[in-house]
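Here is a set of questions and answers to work through slowly, with the sequence and the 3D view open beside the text. Try each question yourself before reading on.

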Number of protein chains: 2
Amino acid sequence: MKRDSRLSGVLHVLLHMAQQPGPFTSETLAKAMDTNPVVIRRIMAGLRDLGYVRSEKGHGGGWTLACDLAKVTLRDVYIALGSPSLLAIGNRTEAPGCLVEQSVNAALDQAFGDAQALLLSRFGEVTLAMLGDDLRKRLGSRKLQGMSAHGA
Amino acid sequence: MKRDSRLSGVLHVLLHMAQQPGPFTSETLAKAMDTNPVVIRRIMAGLRDLGYVRSEKGHGGGWTLACDLAKVTLRDVYIALGSPSLLAIGNRTEAPGCLVEQSVNAALDQAFGDAQALLLSRFGEVTLAMLGDDLRKRLGSRKLQGMSAHGA
DNA sequence: AAATCATGTAACATATAAAGTTACATGAAA
DNA sequence: TTTCATGTAACTTTATATGTTACATGATTT
């Protein structure tokens, strides 16, 4: 199955935005992400609706951060994306009449639930500000070598 | 993304087989699972290769359990399926040159790794025998009402 | 007011992987 | 030798993320 990378993508965008004042057009961000502007608008829509970012039309428009990075966690961002399913495996059918299926589902659901809860919990422990700090560290050691954020 | 239900499916098959002596043809199992015989053969192939089940051709042939159910865990079955990916979400790109992406990936990978490890650990704690016990309990309470394993 | 710029969004195309299906080869039992 | 059952390749279908095109909406500049 193809893995959903929207969370990774939108975090990437947010971190880029945190490095310098905005606003940023979808086209600019798309270039940095090597993707299409429409994809940017798509993954940002939920964040905008929840007020984490703002978008402006017209000249000088684009995307702007509108939240305290220290107060927004990866969990918040994940939820803004619509809480897409976290697990690649699941039960064959829901609401099975077959007792065998019920036994199997009960066992698997327990494990699935634990894993999902753990993931969400971990996401909740990491703020965008922490990601920014980590990035600054990496940038710091690169700067000594005169390289940019996108340098190879 | 479409969820991979092969683990759920193959466990369902094994539990059905544990309820009565075999052998079972792929067609019989497929009917109980409401799917295609080829799908059964496909998900059983790994188990056969690892010796958990046997398959025989010709008249009176079919699938037979060939392991101690108390010694095979959901983890073993999962591995027999080829250890398909557990998570539906992932990083945008691997081996990114972009430092921003490195920061994002580092944060996410930590959480992903923890969740995968937890899932595998939980799988390792559950044996097929335990699933069978659970099923027998469910069957027991149904029998009092004169219903079969597939009764609605 | 008109031209330009940028988002918003629908519609369609592409890519990937699971699941389902068909066809046929292989081999065992009646 | 016929029948049955697995083994497997090849193809189709389905679902979903991702990519793309087209155009409407609205803000800014001239």
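Q: Is A:Ala30 buried or exposed?
A: The model shown here is a predicted one, and its accessibility values are computed from it. A residue counts as buried when its relative accessible area is under 20%. The relative accessible area of A:Ala30 is 2%, and A:Ala30 is therefore buried.

Q: Which residues does A:Ala30 touch, not counting residues up to four places away in sequence?
A: A:Ala30 is part of helix α2 of chain A, which covers residues 26-33. A:Arg41 is 11 residues away in sequence, and its C-alpha is 9.4 Å from that of A:Ala30. Once residues up to four places away are set aside, the residues that A:Ala30 touches are A:Thr35, A:Asn36, A:Pro37 and A:Ile40.

Q: How many disulfides does the structure hold over all chains?
A: A disulfide needs two cysteine sulfur atoms within 2.5 Å. For the sulfur of A:Cys98, the closest cysteine sulfur is in B:Cys67, and because that sulfur is 19 Å away, it is too far for a bond. A:Cys98 is buried at 8% relative accessibility, whereas B:Cys67 is partly exposed at 25%. Over all chains, the number of disulfides is 0.

Q: What is the area buried between chain A and chain B?
A: The size of an interface is often expressed as the accessible area that is lost when the parts come together. Here 53 residues of chain A are in contact with 53 residues of chain B, and A:Ile89, A:Arg92 and A:Leu99 supply 14% of the area that chain A buries against chain B, more than any other three residues. Carbon and sulfur atoms give 67% of the area buried between the two chains, which is about 4900 Å².

Q: Which helix gives the most to the side of chain A that touches chain B?
A: The count between chain A and chain B is 22 residue pairs in polar contact. On the chain A side, α1 (6-18), α5 (99-125) and α6 (128-143) each supply at least two residues. By class, that side has 27 nonpolar, 16 polar and 10 charged residues. With 19 residues, the helix that gives the most is α5(A).

Q: In which helix do B:Arg138 and B:Asp134 both lie?
A: The side chains of B:Arg138 and B:Asp134 meet in a salt bridge with an N to O distance of 2.7 Å. B:Arg138 is partly exposed at 24% relative accessibility, and B:Asp134 is also partly exposed, at 25%. The two residues are 4 residues apart, about one turn of the helix, and the helix that holds both of them is α6 (residues 128-143) of chain B.

Definitions and conventions
Residues are numbered from 1 along each chain as its sequence is written. Chains are lettered from A and ligands numbered from 1 in the order in which they are written. This is a predicted model: local features need pLDDT of at least 70, side-chain atom pairs count only at pLDDT 80 or more; totals for chains, interfaces and linings use all residues. Side-chain values use heavy atoms; hydrogens and water are left out. Buried means under 20% relative accessible area, exposed over 50%, partly exposed in between (1.4 Å probe, protein chains only). Contact means heavy atoms within 4.5 Å. Buried area is the accessible area (1.4 Å probe) that two parts lose on being put together, summed over both. A polar contact is a pair of N or O atoms within 3.5 Å; within protein, one must be able to donate a hydrogen and the other to accept it, and residues adjacent in sequence count only if both atoms are side-chain atoms. Ala, Val, Leu, Ile, Met, Phe, Trp, Tyr, Cys and Pro count as nonpolar, Asp, Glu, Lys and Arg as charged, and the others, Gly among them, as polar. A salt bridge is a side-chain nitrogen of Lys or Arg within 4 Å of a carboxyl oxygen of Asp or Glu.
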